[in-house]
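Here's a quick tour of a protein model, with a stop at one residue and then at some aromatic rings. Have a look first.

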Amino acid sequence: MSYSFLKESKLFIVYGGNKYRIFTTTALNFSQSFAEDSYPVKTLHDQSKMIEGTTITKANPAQFSFTVPLTAEKDESIVMDLLTDLVATSDSDIETQQLKSFDMYVQTTNSTFKIQSCVITSAEFAFNPRQEFSVSLSGQGTKLNRAGNESYSIPGSLQSESSTRTSLQVYPVVSIDSLDMNNIISATVQIQNTIDWTPFETLHNSLSVTNSSNAMFPSAYTVTSRIVSGAVTQYQTDNNITQFDDFSTSSDINIIAKKFDGTTFWAIQINPGMYTARIQVSDVYSQTYDFRSTDNTALETRITTYS
């Protein structure tokens, strides 16, 4: 008997016929659950008492999440493309914008799991000079299954990897119009792709469901909104004290991840954006600026630097 250990798991993404090995932290998770429909059933001996009957015919969307350290070699750049880029699709001559979908494989010491038709629904970039720069991603897919054992051949042309992996520590440089944005403690940027799955349960198909192999699974979705948001926290000083109760509905917000040699590794511009400032009372006073984008078109162009 052998066990599967998270630290030995390998993540692969298959997109456009290409296969990418993605190096993650141990913050890797995936699952899929089935939806239960219960109904009251009267007992034969006492019509006033009821038991709960149940039917299970459909699955909820599969869920996944993982954290990827961003490296100087940028071998993980595919996840940035899948996060921000849209593709045009046409159905009955109606063109819509969809997220790029991919298949995700997790290989353990005795199994290869596959999540089909995945899309990334959220990402968070956290700027902490004491930790490596990384992005935490989560998303959904249509179906999770065991594709095979540990020797299963994952399809796709394996893309070459760099011979080295250089993790980075960065510090944030922030500008919000003419505000004094020095003495920054922390900064986060979140990208949210909100989707709604199209109802997929039908009476005809539900009558033939006997187990998980022929259950109904989701297949189509619509993108309902895309938002960039986050927060920047700075120490309160005599230079910025007047900003503690500030707000704006139309600002130019720039957040840059600087390497310690002073060069820019990653940058995003949110213009137009809004923010509200709030004071935080602790041993050392600080103030936080909560922001979000107000124009969410062409989100893929907001990230102006990734090099």
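What follows covers the overall build, one threonine and a few ring pairs.

## Ground rules

The model is predicted, so local features need pLDDT of at least 70, side-chain atom pairs count only at pLDDT 80 or more, and totals for chains, interfaces and linings use all residues. Residues are numbered from 1 along each chain as its sequence is written, and side-chain values use heavy atoms, with hydrogens and water left out.

## Overall build

You've got 2 helices and 20 strands here; these are DSSP runs, with helices being H or I of at least four residues and strands E of at least two, numbered from the N terminus. Of the 307 residues, 39% are buried (under 20% relative accessible area; exposed is over 50%, partly exposed in between; 1.4 Å probe, protein chains only).

## Around Thr-112

Thr-112 sits in strand β10 (residues 112-127) and is buried, at 0% relative accessible area. Its side chain reaches the backbone oxygen of Asn-149 at 2.7 Å. Contacts of Thr-112 beyond four places in sequence include Tyr-105 and Tyr-152 (contact means heavy atoms within 4.5 Å).

## Aromatic rings

Those two tyrosines also pair up: the ring centres of Tyr-105 and Tyr-152 are 6.3 Å apart with planes at 25°, so the pair is stacked. Rings of Phe, Tyr and Trp (its six-membered ring) pair if their centres lie within 6.5 Å; planes under 30 degrees apart are stacked, over 60 edge-to-face, the rest tilted. Tyr-105 is buried at 2%, while Tyr-152 is partly exposed at 29%.

Conventions:
Polar contact = N/O pair within 3.5 Å; in protein donor to acceptor, adjacent residues only side chain to side chain.
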